[in-house]
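Okay, everyone, thanks for coming. I'd like to walk you through a few spots in this one, so let's get it up on the screen.

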Amino acid sequence: MSGFVGILHLDSQTVDPLLLSKLNQSMAGRGPDAQRCWVRDFVGMGHTQLQTTIECQFDQQPAHLEGQFWIVADARIDDRPTLIQILEAHGSPPLHDRPDSELILWAYRVWGEDCVSHLLGDFAFAIWDDGAKKLFCARDRFGIKPFFYSHPGKIFLFSNTLNCLRKHPQVSNRLNDLAIADFLVLERHHTLDATAFADISRLPPAHVLSLRLGSLLQLRQYWTLSLPTPLNYRNPEDYCEQFRAVMRVAVADRMRRDRAGLFLSGGLDSTTLAAFAREVLPQKFYPSPLSTCTGYYDQLIPDEEPHYVQSVVDELELSAHYLNVDSYLPCGWWQDPQFPSPEPRADPFLAISIDSLRYLGRQCRVVLGGYGGDPIQFSSNRYFFTLLRQWRWGQIAQAMLQYSRWHDRLPPVGIRTQLRQWLGRNRSDSPTLPPWLNPGLVRQYSLRERYQGSSPTFTAQSGDRQEVFEGIDPMHWVSLFE
């Protein structure tokens with residue numbers, strides 16, 4: 001990901017260009033292709049570029065539109081043809097070969113703060129509106145791109161790199177004790193806006209931030225997860241074709257270069273990605289334009305993963321790399337200076353992921369992963385009880401017959417489990433607090449009460465399919481993406 005940083009002096013003091021350059025240089029590892037800064041009186045922006053799309057070659061951030069709107073962004077905009085067609089209808093010049101940051105600027109020019117409602121993809125960006133003397137920042141719907149900010153006194157700072165903000169002299173290293181307590185109990189944050197540092201906050205997913213000179217900071221959620229009407233096809237093959245159509249577009253949107261990488265396992269999720277990626281990528285490269293990396297155990301435990309992976313590699317003619325992970329010790333990376341993590345991590349085998357990324361990073365700029373293909377399972381008990389509530393007896397009989405054919409048994413509809421869900425008894429009580437946790441900390445922040453009920457979840461706009469959303473934990477996904 002590219003890096004960006006910004007400074008806004010709310011008391012109209014001039015931004016120090018040397019300080020801005022120092023902050024920007026701290027993110028040089030994020031942007032090996034270009035580093036630039038821009039300062040205008042009391043506002044300044046810096047950007048370090050990693051080119052991940054073909055259009056990035058025309059990107060020179062901080063970028064501007066008509067000298068009035070300035071942007072720094074780490075963004076990949078999906079469904080570009082549709083957005084470009086709408087923008088050109090509103091008077092923009094031809095944009096088919098322009099970088100995504102320019103599309104965002106034109107969207108802001110046309111719709112103002114409502115531009116985020118017209119943007120699909122993964123993005124974090126900040127726009128300085130010089131005419132309105134306003135800063136406008138946004139983060140994508142699922143929080144795939146990070147965004148951090150700090151507001152010490154009369155200065156407002158923002159970046160997509162937490163350690164960058166920590167280098168500003170007015171940002172302290174004081175810890176956020178409540179966030180640390182959350183990590184010790186839950187192994188992650190409990191709220192979407194917290195970081196481990198008291199002076200630094202996260203912009204939550206699907207939120208925008210605006211700040212005018214002389215006004216208070218404003219936060220607003222612009223999107224809520226909702227599911228479309230369930231598909232009902234007569235033939236099972238129609239579901240497969242619909243899935244293929246959606247997946248093909250999704251993979252193509254993410255691979256706007258001539259090469260890509262993939263974390264490949266023997267499971268269905270990553271192998272499905274491999275098949276679609278092989279369709280999307282050009283066939284002229286030899287070896288394959290799709291490089292894969294697979295972690296496996298050679299002697300520590302029996303591991304059949306390489307066997308299944310090699311079948312996929314042979315079938316799709318991929319370029320494969322196998323990483324022997326026998327020697328990786330749990331938590332062995334924590335004292336290694338090559339793994340600078342500004343916040344604590346609950347991943348004892350993070351080194352395996354980092355080394356896999358290092359290998360793929362030498363081959364390409366875009367890496368796909370199949371992790372999370374099954375976080376929401378339309379399990380049999382949910383599915384059958386949904387049909388039952390709707391009195392759809394024909395579909396119930398057909399679904400039970402199909403399940404019996406595939407599994408050689410009747411579906412486990414889980415009467416008692418469903419009753420507990422309806423009675424509200426299926427949720428677990430608060431997590432057990434570890435005995436070594438400081439009792440004073442427990443009392444000070446009312447930790448037992450804090451963890452009552454569930455973690456933050458996406459909520460449905462309609463209660464009819466709320467059970468689907470309960471399987472999605474935003475904090476888990478935000479942590480994974482970052």
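**A strand and its neighbours**

So, start with strand β11, residues 207-212: five of its six residues are buried, so the strand is largely enclosed by the rest of the structure. Before I go on, keep in mind that this is a predicted model.

Which strands does β11 pair with? On one side of the story there's β7, residues 134-139, which runs antiparallel to β11 and is joined to it by five bridges. If you want a pair of residues to look for, find Ala138, which sits opposite Val208 in β11. Then there's β12, residues 218-221, also antiparallel to β11, with four bridges between them. Here the pair to look for is Ser210 and its bridge partner in β12, Gln218.

β11 and β12 make a hairpin, with five residues between the two strands. Have a look at Gly214 in that turn: its phi is positive, about 85 degrees.

Okay, next stop, Asp129. You'll find Asp129 in strand β6, residues 121-129. Is Asp129 buried or exposed, and what is the nearest side chain of opposite charge? Asp129 is buried, and it has no salt bridge. The nearest oppositely charged side chain is Lys134, and that's 5.0 Å away, whereas the cut-off for a salt bridge is 4 Å.

What the Asp129 side chain does have is backbone nitrogens to talk to. One of its polar atoms is 3.3 Å from the backbone nitrogen of Gly131. The side chain also reaches the backbone nitrogen of Ala132, at 3.2 Å.

Now let's go to the surface. There's a nonpolar patch out there formed by Phe142, Tyr371, Leu480 and Phe481. Taken together, those residues have about 390 Å² of accessible area. Let me pick out Tyr371, which is in the loop between β16 (367-369) and α10 (380-389).

Last one, a glycine. Gly153 is in the loop between β8 (148-150) and β9 (155-159). Its relative accessibility is 57%, so Gly153 counts as exposed too.

Note on methods. Residues numbered from 1 in each chain as written. Predicted model: local features only at pLDDT ≥ 70, side-chain atom pairs only at ≥ 80, totals over all residues. Heavy atoms only, no water. Buried < 20%, exposed > 50% of the residue type's maximum accessible area, 1.4 Å probe, protein only. Pairing = 2+ DSSP bridges. Patch = residues over 30% accessible without salt bridge, like charges linked within 9 Å, V, L, I, M, F, W, Y side chains within 5 Å. Areas by Shrake-Rupley, 256 points an atom, 1.4 Å probe, with all protein chains shown as cover. Lys, Arg positive; Asp, Glu negative; His and termini not counted. Polar contact = N/O pair within 3.5 Å; in protein donor to acceptor, adjacent residues only side chain to side chain.
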